[in-house]
Amino acid sequence: MTRDEMFAYALTQPGAEDSTLHGGRCIRVRGHWIVNANQDPDALALALDHGTVAFLMETEPGTYFQTPHFEGWPAVLVRFAAADDDPLKEQIDRAWARRATKAQRRARGLEG
């Protein structure tokens, strides 16, 4: 998956909007970013819960990582070219679900 494909997929999520954060492109849901550009041109940030961040960094350290800027925050950097497309889409879906409304999650068959 390319950087542009990651942004394009994130924009297919209900309520997703193209936006900016600190001068870079991001995708927001309800005002909160879910996918964010950063200084590394080969990686994008995903807003995920702490448990998922820790799991991804432990199981796929070549794909998911944090810089000191992200340590302690519920976000992880992803080397999108190294990631398998379907699992990466699942992580974008998770980032969306964290910010979606209960009604939006229910419409997708997710628990409120």
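The largest pocket has a volume of about 550 Å³, where a pocket is an open set of points on a 1 Å grid over the protein atoms alone, reached by a 1.4 Å probe and with protein on both sides within 12 Å along at least five of seven lines, and a volume is the space filled by probe spheres set on points joined across faces, edges and corners. Of the 21 residues that line this pocket, His-22, Trp-33, Asn-36, His-69 and Phe-70 are the closest to its centre, a lining residue being one with an atom within 4 Å of a point. This is a predicted model, in which local features need pLDDT of at least 70 and side-chain atom pairs count only at pLDDT 80 or more, while totals for chains, interfaces and linings use all residues. Residues are numbered from 1 along each chain as its sequence is written, and side-chain values use heavy atoms, with hydrogens and water left out.

**Pocket lining**
- Strand E3 (32-37), strand E6 (75-78) and helix H3 (85-99) each supply at least two lining residues of the largest pocket, with helices (H or I, at least four residues) and strands (E, at least two) taken as DSSP runs numbered from the N terminus.
- E3 gives the most to this lining, with three residues.
- By class, the lining has ten nonpolar, eight polar and three charged residues, where Ala, Val, Leu, Ile, Met, Phe, Trp, Tyr, Cys and Pro count as nonpolar, Asp, Glu, Lys and Arg as charged, and the others, Gly among them, as polar.

**Helix H3**
- H3 has 15 residues and reaches 22 Å from its first C-alpha to its last, close to the 21 Å expected at 1.5 Å times one less than the number of residues.
- Its buried residues (under 20% relative accessible area, with a 1.4 Å probe and protein chains only) are Leu-88, Gln-91, Ile-92, Ala-95, Trp-96 and Ala-97.

**Charges over rings**
- Arg-25 lies over the face of Phe-7, at 4.4 Å from the ring centre, the criterion being NZ of Lys or CZ of Arg within 6 Å of the ring centre and within 35 degrees of the ring normal.
- The charged end of Arg-79 sits over the ring of Phe-65, 3.9 Å from its centre.

**Positive phi angles**
- His-22, in the loop between strand E1 (16-21) and strand E2 (24-29), has a positive phi near 50 degrees, and at 80% relative accessibility His-22 counts as exposed (over 50%).
- Arg-30, in the loop between E2 and E3, has a positive phi of about 55 degrees although it is not a glycine, and Arg-30 is exposed, with a relative accessible area of 55%.
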